[in-house]
Amino acid sequence: MTMAAVTWQRLRPVGRLLAVLVPILLALGLVSVGAIILAGPLAAGFVGDNVPLVRFVAAVTAVILLSIPTAFIVIFLELKVIARMNLRIGPERVGPYGGAMSVVHGLKVLAKEDFTPLGVDVTVFTMAPIVTFVGAIMTMLVIPFAPGLFGLDLNIGLLYLFAMSGLTVVGLLMAGWSSFNKYSLLGGLRSAAQMVSYEIPLTLSLVGIVLLAGTMSLNQLVLGQSGSFLDWNIWKQPLAFLIFFIAGTAEANRTPFDLTEADSELVGGFATEYSGMRFGFFFFAEYVNVFIVSALLVTFFLGGWTAPIAWPFAVTMPSLDPLGLGVGLLLGIAALPVVGTLILAAPFWLSSKITTLQALVIGFILFNVVAVGLVIGYAFVSFDWVVGLFWFFAKAYAFVFLFIWMRATLPRVRIDQLMGFAWKWLLPAALLNIFVTAAAITIVSK
């Protein structure tokens, strides 16, 4: 037996995996560097000549890719936060701190049988979850996540927003009607009645903001709140914020307004007859809608991507041009993970209680943590859109936490209470807010 064969036999499974992966990763790094050197100028020229096309493809891809991880994150937060509020631990075995549990739920739904019951309208039954999910995704297209980071900046963005959000009503009604089930039909009719009722105060609550800003572009609405937290619309339109929050909760079918799938009354409502991935589309859309409502609250009332307090001094970092570093320096950067891993593993390797393989694994993990931290820190200081993303997602997920808190705390209301509250309280309050805002603008302008 050769020395290499003997060494291979003595290695543990983790060591064999690393022995195979490390050379492959190094080869991929070298190939990537070569591709950047050779194809970089051609790709840059193509992007420069076709900016609108490239931006459209990038925006659509980003919105689609953002929706699924967003649903997984909200599902995990719901599992973990509600468990903590009930004095339980929640998921902790699948992934770090149970972080992969929502991914397992998604894979479980994907693996289940996609069954179509007898008697249903197959075409409408199949299209309903797609319509619901597409409506949620297309709504995200006009949300400005950071400076210059949005799918489309429409000057009638609010009209587009409410038009796309109305697709959710159509999808749920399609599901209830086509399922050939009385519980599904009741759930679909409830969803139509609930969303039509709450769509009116939801829309009217934003008329005051449009009157103040003079635009329906979501990007311009955020720019109009730049400065500090004192410039946010929540101080100018507190009643509109409260109306939008309540109506948005009903639009997203969240507790205490989750009457459309009330399991204690309607089994599963509109989704009673669904299984497999078609069932998953409905609830992916629901969790994406939770994030969308939170994002819209942040965009309209809390300054969007803007920081609460402006940074006191400017920081400039040297710009990096990978194509101008030269082949030798690029190869050195490609070898940096190996060198950094060895350096960080050395103190652990010198310890008598840790084997060489364990020291290399620890060094590799530490190198990745340090590298990611440095890259994030450099990007946070150098790019405004990174700072904007941080503040936008921090505010949005604060509202996501609030929605989860409400689900763990509040009981479900009755359907008559739900409808009466929309027509007797929210609608008059929204109209009152419009009249007061218009009167104040008229008085101030004179």
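Asparagine 253 touches Leu172, Gln194, Met195, Asp258, Thr260 and Glu286, leaving aside residues up to four places away in sequence. One of these neighbours, glutamine 194, also makes a polar contact with asparagine 253. The contact runs from side chain to side chain, at 3.3 Å. Asparagine 253 sits in a loop. The relative accessible area of asparagine 253 is 7%. Buried means under 20%, so asparagine 253 counts as buried.

These values come from a predicted model. The protein in the model has 18 helices and zero strands. It has 446 residues, and buried residues make up 39% of them. Contacts across the sequence were also examined. Among contacts between residues at least 6 apart in sequence, 79% join residues at least 24 apart. The protein exposes about 24,200 Å². Carbon and sulfur atoms supply 76% of that area.

Aromatic rings were considered next. A pair of aromatic rings is described by the distance of the centres and the angle of the planes. The count comes to 20 aromatic pairs. One of them joins phenylalanine 133 and phenylalanine 281. Their ring centres are 5.2 Å apart, with 50° between the planes. This pair is tilted. It links distant parts of the chain, as the two residues are 148 residues apart. Phenylalanine 133 belongs to helix α5 (residues 122–139). Phenylalanine 281 belongs to helix α13 (residues 276–301). Phenylalanine 133 has 9% relative accessibility, so it counts as buried. Phenylalanine 281 has a relative accessible area of 25% and is therefore partly exposed.

A second pair is formed by phenylalanine 390 and tryptophan 391. The ring centres of phenylalanine 390 and tryptophan 391 are 5.2 Å apart. Their planes stand at 75°, so the pair is edge-to-face. Phenylalanine 390 is partly exposed, with a relative accessible area of 45%. Tryptophan 391 is partly exposed, with a value of 27%.

Ring pairs also build a cluster. Its members are Phe241, Phe244, Phe245, Phe300, Phe301, Phe399 and Phe403.

Technical notes:
Residues are numbered from 1 along each chain as its sequence is written. This is a predicted model: local features need pLDDT of at least 70, side-chain atom pairs count only at pLDDT 80 or more; totals for chains, interfaces and linings use all residues. Side-chain values use heavy atoms; hydrogens and water are left out. Helices (H or I, at least four residues) and strands (E, at least two) are DSSP runs, numbered from the N terminus. Buried means under 20% relative accessible area, exposed over 50%, partly exposed in between (1.4 Å probe, protein chains only). A polar contact is a pair of N or O atoms within 3.5 Å; within protein, one must be able to donate a hydrogen and the other to accept it, and residues adjacent in sequence count only if both atoms are side-chain atoms. Contact means heavy atoms within 4.5 Å. Rings of Phe, Tyr and Trp (its six-membered ring) pair if their centres lie within 6.5 Å; planes under 30 degrees apart count as stacked, over 60 as edge-to-face and the rest as tilted. Accessible areas come from the Shrake-Rupley method with a 1.4 Å probe; for residues, only the protein chains shown count as cover.
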